[in-house]
Amino acid sequence: MGSTELTPWLVMQQYEPINDLPLCAVPKDFVRKAEDIIYRQAVSARQISKQEKGTPDYPLTVCADAKPVEQEMHLELEKSWDVYQRSVADITGKLLDNHDWILLQKLQEHTSQHRLQAEMHLKQHLATIPDSVGCYGVAHRMLQAAGLSRTPGILDLVQTSFDPQVMRDVNPFLAKSASEQITATGRLWLQLCVLEDRIQRMLNLCHITDNQSIALEREMLTRRTWDVNEHPLWLVFEAEGQLQIRPKQYFVAKQLLENFTAGPIVQLNMGEGKTRVILPMLVLSWATGDKVVSTRST
């Protein structure tokens, strides 16, 4: 509990709260649109590669009434077929030949600019206390100037995405509506951090030709398929781990979370992120303030 909650003037609301903040200049759908652009690049490169090399299509047909297990099996077989039919350097070479890496560089520049914008917006409005707050706002600003009051740092920006108490500790004058704005911007900022790291990984892979095309394609085909508002801690985990949860990893975690009481069993190939990604996702979902999660290997 923050010390500001025990202050009498704060409990009695003897101040004018900060109700509304200026909107962050970063478009809310920037990350989604950027992921769509990258995804279309990978799909286009794969299609061009197939046409030039005459790669035959997947020979099996999935029945319209196929069960989920059968559909999943066909997806795995089709991926295996594509990997076998395609030479290792196809995707990487195609990206470099088409100068698509220039588009990735520009996208990274825009992402970095937006990430800095969101970061500055958060720091400014977490620390700013306008004159309209009243005399207690003036007193708080004096404490800030003297270095006796908490000022927002990077860790605080991360915590705003899931912990409202952090905002109250840094700026006790924020009303609920303003706090919700800060939370939304904090989650957008984290998504931009994840996207920036991901684009950098792709650019690095573009300059490596030794068996890296599959890794590059996997990065480019990754899109967020889960809601950051439902799982903000997953978003923090992505940013901290410099990774992005792949659709298959989310699918497995979702099955385990939704069917936990039934004792579900889900199979995933080695190297697909069971220990590094899926297990932390489950722990972050199950662990709460009054519940501890322990893991064991068998």
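These are my notebook entries on a predicted model of one protein chain.

**Overall fold**

I began with the secondary structure. I found 13 helices and 0 strands in the protein chain. Read along the sequence, the pattern is α-α-α-α-α-α-α-α-α-α-α-α-α. I then looked up burial. The chain has 298 residues, and 41% of them count as buried. Next came the contacts between residues at least 6 apart in sequence. Of these, 75% join residues at least 24 apart.

**Nonpolar core**

Which residues have the most contacts inside the largest nonpolar core? I noted I38 and W189, in a core of 57 residues. Helix α9, residues 176-206, gives the largest share of this core, with 14 residues. As background, I wrote down that nonpolar side chains tend to be buried together in soluble globular proteins.

**Helices α11 and α13**

I turned to one helix pair. Two packed helices are described by the angle between their axes and the distance between the axes. Here α11 covers residues 232-241 and α13 covers residues 274-286. I read an angle of about 145 degrees, with the axes 10 Å apart. The crossing of α11 past α13 is right-handed.

Which residues meet in this pair? From α11 I listed L233, W234, F237 and G241. From α13 I listed R276, V277, P280, M281, L284 and S285. By class, the contact has 7 nonpolar, 2 polar and 1 charged residues.

**Q242**

I looked at the backbone of Q242 next. Q242 is not a glycine, yet its phi is positive, at about 50 degrees. Where does Q242 lie? I placed it in the loop between α11 and α12, the latter being residues 247-258. Is Q242 buried or exposed? Its relative accessibility is 52%, so Q242 counts as exposed, the cut-off being over 50%.

**D156**

I checked a charged residue inside a helix. D156 is found in α7, residues 154-159, and Asp is classed as charged. Is D156 buried or exposed? D156 counts as buried because its relative accessibility is 7%, and buried means under 20%. I then looked up what D156 touches, leaving out residues up to four places away in sequence. The list is R150, T151, V166 and V170.

**S161**

S161 sits in the loop between α7 and α8, where α8 is residues 164-170. Its relative accessibility is 0%, so S161 counts as buried. S161 and R187 are 26 residues apart in sequence. Their C-alpha atoms are 5.3 Å apart in space.

What is S161 in contact with, leaving aside its neighbours within four places in sequence? I noted T183, G186, R187 and L190. P232 and V236 are also in contact with S161.

**Cysteines**

I ended with the cysteines. How many disulfides are there? The count comes to 0 disulfides, with sulfur atoms within 2.5 Å as the rule. I also looked up the accessibility of C24 and C135. C24 counts as buried because its relative accessibility is 19%, and the limit is under 20%. C135 has 58% relative accessibility, so C135 counts as exposed.

Technical notes
Residues are numbered from 1 along each chain as its sequence is written. This is a predicted model: local features need pLDDT of at least 70, side-chain atom pairs count only at pLDDT 80 or more; totals for chains, interfaces and linings use all residues. Side-chain values use heavy atoms; hydrogens and water are left out. Axes are lines fitted to C-alpha atoms, for helices over the stretch in contact, and angles run from 0 to 180 degrees between N-to-C directions. Helices (H or I, at least four residues) and strands (E, at least two) are DSSP runs, numbered from the N terminus. A crossing is left-handed if the near helix is turned anticlockwise from the far one by less than a right angle, and right-handed if clockwise. Contact means heavy atoms within 4.5 Å. A nonpolar core is a set of buried Ala, Val, Leu, Ile, Met, Phe, Trp, Tyr and Cys residues joined through side-chain atoms within 4.5 Å. Buried means under 20% relative accessible area, exposed over 50%, partly exposed in between (1.4 Å probe, protein chains only).
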